[in-house]
Amino acid sequence: MVTMNCPKCGAPFEYEPGMRFKKCDYCGTMIYIDKSRVMFYYIIPFSLNSQQATEVFRRWAAGSTKAKGLDAAQIKSIKKMYFPVYRFVRRINGREEDVIKPAKTTLLPGMSNLKIPPGDMRIFDDKYDTGDAEVIQPDTSMDAYLGNLPGEAKEQEIVYFPLYEIRYVFNGQEYNVLIDGSSGEVFSSYYPTRSSAPYLLLAVIAFVLAMAGAAGGVMISGVLWFLVLAGFLVGGIGGYFIAKKF
Ligand SMILES: [Zn+2]
């Protein structure tokens, strides 16, 4: 047994070596223990409800790089969760920088690109109501990262991040996308894109026409210059229809 003091209320508590999480018996604060370090759990509240997260998804899906009709994709499930990340505050060349790393093994996209909004971190204790969100437990030690970080350590803590995972179906295939429940930022590593093949074919046709027009206009007859114009027209009008159809 090792004795330490709660970082919030100062009450002593005992824990077994190797134990990583402990709730303070006195004030209820969740305490994270890593080697000889004791630190708080922090949590960032949701500022989006699931309805708003769905709207964020629809807007994202309507973007110009997404497949046509993706914004009408069928949503299979929306999971509301608090995902644990480590926040390492590092001093790099005299400046302070946040490095965020997942504290749970994950295939979810974007977990190393999360930004912690200033002022939004709350201490995660008994009084904090996590509501209907699932609280995901960490499974990765902080030490897995500490050796490979830039600069020198200033502080580190564990932060529960509010996330929506939306699973959706498009053309019979299932995809997932993550939405930051505090900022509305969207993370997705793989999604149905707008096909670029028709554009490519069209660009080739337009280019060949224009080149033939330019060559013909110089070498054969001035009339053939119209092919240059035809090339531009094919590119412009064709592009418009492809954009509508695909
Ligand atoms: Zn305490």
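1. In this predicted model, strand β10, covering residues 152–170, runs antiparallel to strand β11, covering residues 173–180, and eight bridges join the two. Within this pairing, E165 has L178 of β11 as its bridge partner. The two strands form a hairpin with two residues between them, and N171 in the turn has a positive phi of about 50°.

2. On from there, β11 is also joined by two bridges to strand β12, residues 186–187, again in an antiparallel arrangement, with I179 standing opposite V186 of β12. The hairpin of β11 and β12 has five residues between the strands, and in this hairpin G184 takes a positive phi near 80°.

3. Strand β10 also pairs with β6 in the antiparallel sense, over 17 bridges, and here the bridge partner of V89 is E155 in β10. Strand β6 is joined to strand β7, residues 95–102, by eight bridges, and these two strands run antiparallel; R87 stands opposite I100 of β7. A hairpin is formed by β6 and β7 with two residues between them, where N93 in the turn has a positive phi of about 50°.

4. Which residues have the most contacts inside the largest nonpolar core? They are Y41, V85, Y160, F161 and I179, in a core of 39 residues. At least two residues of this core are supplied by each of β4 (30–34), β5 (37–43), α1 (50–61), β6 (74–92), β10 and β11, and the largest share, eight residues, comes from β10. In soluble globular proteins, nonpolar side chains tend to be buried together.

5. For V85, once neighbours within four places in sequence are left aside, the contacts are I100, K101, P102, A103, M111, L114, V159 and F161. A reader may wish to look at V85 together with F161, as both are listed among the core residues with the most contacts.

6. The domain assignment gives domain 1 as residues 41–187 and domain 2 as residues 197–245, and the centres of the two domains, taken over C-alpha atoms, are separated by 47 Å.

7. L233 and A206, although 27 residues apart in sequence, are 8.0 Å apart in space from C-alpha to C-alpha.

Terms used: Residues are numbered from 1 along each chain as its sequence is written. This is a predicted model: local features need pLDDT of at least 70, side-chain atom pairs count only at pLDDT 80 or more; totals for chains, interfaces and linings use all residues. Domain bounds come from an automatic or database domain assignment. Two strands pair if DSSP finds at least two bridges between them. Helices (H or I, at least four residues) and strands (E, at least two) are DSSP runs, numbered from the N terminus. A nonpolar core is a set of buried Ala, Val, Leu, Ile, Met, Phe, Trp, Tyr and Cys residues joined through C-beta atoms within 7 Å. A residue is buried if 20 or more other C-beta atoms lie within 10 Å of its own, exposed if 12 or fewer, and partly exposed in between; C-beta atoms are placed from the backbone. Two residues are in contact if their C-beta atoms, placed from the backbone, lie within 7 Å.
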